[in-house]
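Hi everyone, thanks for coming. Please take a look at the sequence and the structure on the screen, and then I'll walk you through a few spots.

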Amino acid sequence: EQFVISRFGVEKWRAVKAKAGLDDVADGDFVDSQQYDQDVTYRIVGGMVEELLMTQDEVLEALGEFFISSYLLNNGHLDLLRAQGQTLREFMGHMDTMHAYLKKEVYQDIVPPSFKTE
């Protein structure tokens, strides 16, 4: 929600929700601290693809960039990111530990991805 509104405006967000079959969800009801069923996520991404005229890969990449550059950095998580390592290999090598911490302390029901480096 924050991504679409910040980049394209609230009317585009409403159009994305409608395409995703979620137009009954009030603006502001998608919050970062709540977990959503994967089906909802896929429907929103599909709505973004249709409404924003982007490919699925472009949508997912833009969401990832937004998550890092806007959400994490603006919500006091820069130190957490810095602690993951100074190189990409170190960073990726510490992702499982960071996800385990988040699962224990914040999002008990998540099933985070696992990363292996070679």
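Let me begin with a definition: when I say contact, I mean heavy atoms within 4.5 Å. Helices are DSSP runs of H or I with at least four residues, numbered from the N terminus. Now the ground rules: this is a predicted model, where local features need pLDDT of at least 70 and side-chain atom pairs count only at pLDDT 80 or more, while totals for chains, interfaces and linings use all residues. Residues are numbered from 1 along each chain as its sequence is written, and side-chain values use heavy atoms, with hydrogens and water left out.

First topic: α2 and its partner. K12, W13, A15, V16 and K19 of α2 are in contact with I44, G47, M48, E50, E51 and L52 of α3. Sorted by class, that contact has six nonpolar, one polar and four charged residues; here Ala, Val, Leu, Ile, Met, Phe, Trp, Tyr, Cys and Pro count as nonpolar, Asp, Glu, Lys and Arg as charged, and the others, Gly among them, as polar.

How do α2 and α3 pack? Their angle is about 120°, and their axes are 8 Å apart. That makes α2 oblique to α3. On that scale, angles under 35 degrees are roughly parallel, over 145 roughly antiparallel, 65 to 115 roughly perpendicular, and the rest oblique. The axes are lines fitted to C-alpha atoms over the stretch in contact, with angles from 0 to 180 degrees between N-to-C directions.

Which residues of α2 are buried? In this helix, residues 10-19, they are W13, V16 and K17. These cover an arc of only 100° around the axis, so they sit on the same side of α2. The arc is that of the directions from the helix axis to the C-beta atoms, and buried means under 20% relative accessible area, exposed over 50%, partly exposed in between, with a 1.4 Å probe and protein chains only. The cover over the buried residues includes α1 and α3.

α7, residues 95-105, also has a buried set: M95, M98, H99 and L102. Their arc is only 95°, which puts them on the same side of α7. T97 and K104, on the other side, are exposed. The buried residues pack against α5 and α6.

Last, two loop residues. Q84, between α5 and α6, is buried at 6% relative accessible area. L53, between α3 and α4, is exposed at 75%, and its phi is near 55°, a positive value in a residue other than glycine.
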